[in-house]
Amino acid sequence: MKKVFAIILSISMIMGLAACAKRAEVPSKRDVQKEVEKEYDMDFDLESKDIADDGSEAEWVFISDDGSLQVTVSWSAKDPDEFEFDEEELAVLPGDNPAAPPVSYDSDAIVIGVSMPTKDLQRWNQDGDYIENALEAAGYEVDLQYAANDVVNQLEQVESMIDSGCDVLVIAAIEGSSLGEALDMAKANGIPVIAYDRLLWNTDAVSYYVTFDQYMTGQLQAQYIEKALDLSSGAGPFNIEITTGDPGDNNAMFYYEGAMDVLNPYIENGQLVVVSGQVDFDEVATANWSTENSQIRAEQIIELCYSDGTQIDAWLCSNDSTALGVENALAADYLGSYPIITGQDCDIANMKNILVGKQDMSVFKDTRILAAQAVTMVDQICSGQTVDVNDTSTYNNGTINVPAFLCEPCVVDVNNYIEILIDSGYYTEADLG
Ligand code: BGC
């Protein structure tokens, strides 16, 4: 028996869709399934789905858990508030359950795909662990994958998460503008995307951005140097060098700009002298934020400009992995007294260096806070609530202003690390011993 009828989306679904109105137009499988289960008062599993590439039409086929009913749901962007249900009774042979899919599929599980750039740096391992644990504690299923800093790898991983039916994606991109195809696919499948820590560029398929205030991070680093050298009182001239991050990572530019807005006036009036002459972003960038690349460049600068014992007073480093490279180079080749060195992330190796005076500060971006905020976003999206954001204008990704939640970074140095890192349980004394 076949019958066809249409229903109007429930209030909660409309709210849910409104929350991501611009980008997640195709209803999610989970929402459609809920409607089917409500309508027929029985449990269903998804048999197949077919969504037009441009997201204008979609069709889902569900089969009831007892195998007696197949419901095909059609949806069109022309009438986004309506579903058309086409139901068909199935002949059930004893012992035969056509609803049992080849791979077991838990109809209640909401799956969150989490894509992290690399396991090479301490922070992404922590981010991944915190997000996974918090999402699982909240009842979600998690598909966490690391992409070994390989853009193609990350693209394929995200596509496979979408293929296997994830409901929401959380992505820390290796290169913010290289995931276009996967993001289009997410959009066509009605999957909301949260950009995690790093912005996703040139796409309207990103729903939200959760990050630490990047510009402020750069400012905190430069202000630390400003204070340590007493620049605001006119002291100087001092020699300084600059090392920032990966040119493909949009964050690197924010850190650089935040720092340079503080340092530039002192460079212009001669209180700070960049002896190498390397100031432009492209000259001071470090591919992959790699310690090795940073060390190679620092060694060259030391050899060219400081091998006669000329003093380096400060070395602005945008993060800890690059700071480590500079510290290695100084240990090997430098004759003058030790400069002020900045960093970011409070990695264990760098905290150890801070404790023995080989680095002065690091900006702490508590990954527990960032991960928790990402999980709150996921929860709010999945329950159709308004998603908390505190910045809707700064992060234009070339296509849209991405609504963002910015967490606040803070400075850690030898004077406050116990309170901020140890007392808060981020590290134990033994970790840094
Ligand atoms: C992050 C930093 C990190 C760097 C290298 C940036 O995008 O914001 O915290 O140090 O990547 O992984």
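I looked up Cys346 and found it buried, with 26 other C-beta atoms within 10 Å. I count a residue as buried if 20 or more other C-beta atoms, placed from the backbone, lie within 10 Å of its own. The model is predicted, so I take local features only at pLDDT of at least 70 and side-chain atom pairs only at pLDDT 80 or more, while totals for chains, interfaces and linings use all residues. Residues are numbered from 1 along each chain as its sequence is written.

Phi of Cys346 is near 55°, a positive value in a residue other than glycine. I place Cys346 in the loop between β14 and α11; helices (H or I, at least four residues) and strands (E, at least two) are DSSP runs, numbered from the N terminus. Asp345 is found in the loop between β14 (340-341) and α11. Its phi is also positive, near 115°. Asp345 is buried, with 24 other C-beta atoms within 10 Å.

**Helices α10 and α11**

I next checked α10 (residues 320-333) against α11 (residues 348-355): they pack at about 50°, with axes 9 Å apart. The axes are lines fitted to C-alpha atoms, for helices over the stretch in contact, and the angles run from 0 to 180 degrees between N-to-C directions. α10 and α11 are therefore oblique to each other. Oblique is what remains once angles under 35 degrees (roughly parallel), over 145 (roughly antiparallel) and 65 to 115 (roughly perpendicular) are taken out.

Which residues of α10 meet α11? I noted Asp320, Ala323, Leu324 and Glu327, which meet Ala349, Asn350 and Asn353 in α11. Contact here requires C-beta atoms, placed from the backbone, to lie within 7 Å.

**Helix α5**

In α5 (residues 180-188) I listed Ala182, Leu183, Ala186 and Lys187 as the buried residues. They cover an arc of only 140° around the axis, which puts them on the same side of α5. The arc is that of the directions from the helix axis to the C-beta atoms. The cover over these residues includes α4 (151-163), β8 (168-171) and β9 (193-196). Just after α5, Gly190 takes a positive phi of about 70°.

**A cis peptide bond**

I found the peptide bond from Gly236 to Pro237 to be cis, with omega near 0°. Pro237 lies in the loop between α6 (214-228) and β11 (238-243).

**Whole protein**

I recorded 14 helices and 17 strands. Buried residues make up 43% of the 433 residues. The C-alpha trace spans about 90 × 45 × 35 Å along its principal axes.

How values were computed:
Two residues are in contact if their C-beta atoms, placed from the backbone, lie within 7 Å. A residue is buried if 20 or more other C-beta atoms lie within 10 Å of its own, exposed if 12 or fewer, and partly exposed in between; C-beta atoms are placed from the backbone.
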